[in-house]
Amino acid sequence: MAYDQETRDALIEMVRKFVNEQCKPIEAQVAEEDAVPQSVADQMKELGLFGISIPEEYGGLGLNMEEEVLVALELGQTSPAFRSVVGTNIGIGSQGVVMWGNDEQKSTWLPKIASGEVITSFCLTEPEAGSDSGSVQTKAIRDGDHYVLNGTKRYITNANKAHLLTVMARTDPDTPGGKGLSAFIVETNTPGVSIGKPEKKMGQQGAHICDVNFDNARVPVGNRLGQEGEGFKVAMSVLDRGRLHISAVCTGVAERLIHEMTNYAVERKQFGQPIANHQLVQAMMADSYAEAYAARCMALDAAKRRDVGENVTLLAASCKLFASEMVGRVADRAVQVFGGAGYVSDYGIERFYRDVRIFRIYEGTSQIQQMVIGRGLAKLAKDGLI
């Protein structure tokens, strides 16, 4: 569904105001305490941010892809930890249910996910399975009207807060690769499910990742998403939307950094004049602005194409590749423009420098995006479409 322009503008302005007034002032506090205050999460619930991608009939805002990108651009203007509070409910934690859930699964879970009452996580990555998602070893063996799950998932975002997990597990041990995988909805209070301690990370303090362990956890057959063997399809089906969302977040962060570096360059003086007057500093500012503008255009164009029903797998991978690499370059230039101050934590630039590094890794590494694009182009050539 597409909102009318007035409603859309009001939504974006509401998110922008929330970011400026509630998030930006406490960025350093969140990093220091490694926690987003519950009061901020509660405001996110009130604003409907947990349910922006969930259909209206289940209590969500039902935003189309373009509208979600516009919201993500605003959420990217502050520390990524804030976006992570709602990120799994918006994306990989809920979209499997949205796209593959039956009526009972949707009516049971989606309203609670949309309101923020239930926090979700997505359990795919394992100690020996990440980019090669088809090598998942966690097993789900049928036992009557249940499946028995055993295995370990790693680096699972929001796992320590989650009530509901979407879990990829191997239901057919004799079938290698993605065809032997199935997807399940698993409640975290299920006996045999345990959550590890949050990992200490390079950046994005306040956003937590943990191991999730399954030790003979019994999950009802009715909690399976789709049919046996469709788990890989479930995982892949959410990626186009997720990659466009992350592309927008990367772009929002880049725009924030450009704002910071430009204002600093105008105020900071060297050789008797603002450093913004020096051409080599201008070059760093200009390259950053041009690249961020390109990423914004890419994400919005791909989102609009998805909304009209086009297959955007190639475009989404291209957006994720470019935007995540771009924000890394912008963050590096921002540190350079700030000079010594960019290396000091008081200014916050070094924090963003660390925060953005993960964007090139999660929801598909840059190398995976290159493979998706390369294989897609080869298929188009084979089919005579390019």
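Let's start at Met44: skipping its neighbours within four places in sequence, Met44 is in contact (heavy atoms within 4.5 Å) with Phe18, Leu49, Phe50, Phe82, Val85 and Val86. Keep in mind that this is a predicted model, where local features need pLDDT of at least 70 and side-chain atom pairs count only at pLDDT 80 or more, while totals for chains, interfaces and linings use all residues. Residues are numbered from 1 along each chain as its sequence is written, and side-chain values use heavy atoms, leaving out hydrogens and water.

Now zoom out to the nonpolar cores. A nonpolar core is a set of buried Ala, Val, Leu, Ile, Met, Phe, Trp, Tyr and Cys residues joined through side-chain atoms within 4.5 Å, and buried means under 20% relative accessible area, found with a 1.4 Å probe on protein chains only. The largest one here has 70 residues, and Met44, Leu49 and Val71 have the most contacts inside it. Several helices (DSSP runs of H or I, at least four residues, numbered from the N terminus) each give at least two residues to this core, among them H1 (5–23), H3 (38–47) and H9 (239–267). H9 supplies the largest share, 12 residues. Apart from this core lies another, of 23 residues, including Ile54 and Ile185.

What about the cysteines? There are 0 disulfides, meaning pairs of cysteine sulfur atoms within 2.5 Å. Cys23 is buried, at 1% relative accessible area, but its sulfur is too far for a bond because the closest cysteine sulfur, in Cys250, is 18 Å away. Cys210 is buried too, at 0%, and its sulfur is 10 Å from the closest one, in Cys123, so that pair is also too far for a bond.

Definitions and conventions:
Buried means under 20% relative accessible area, exposed over 50%, partly exposed in between (1.4 Å probe, protein chains only).
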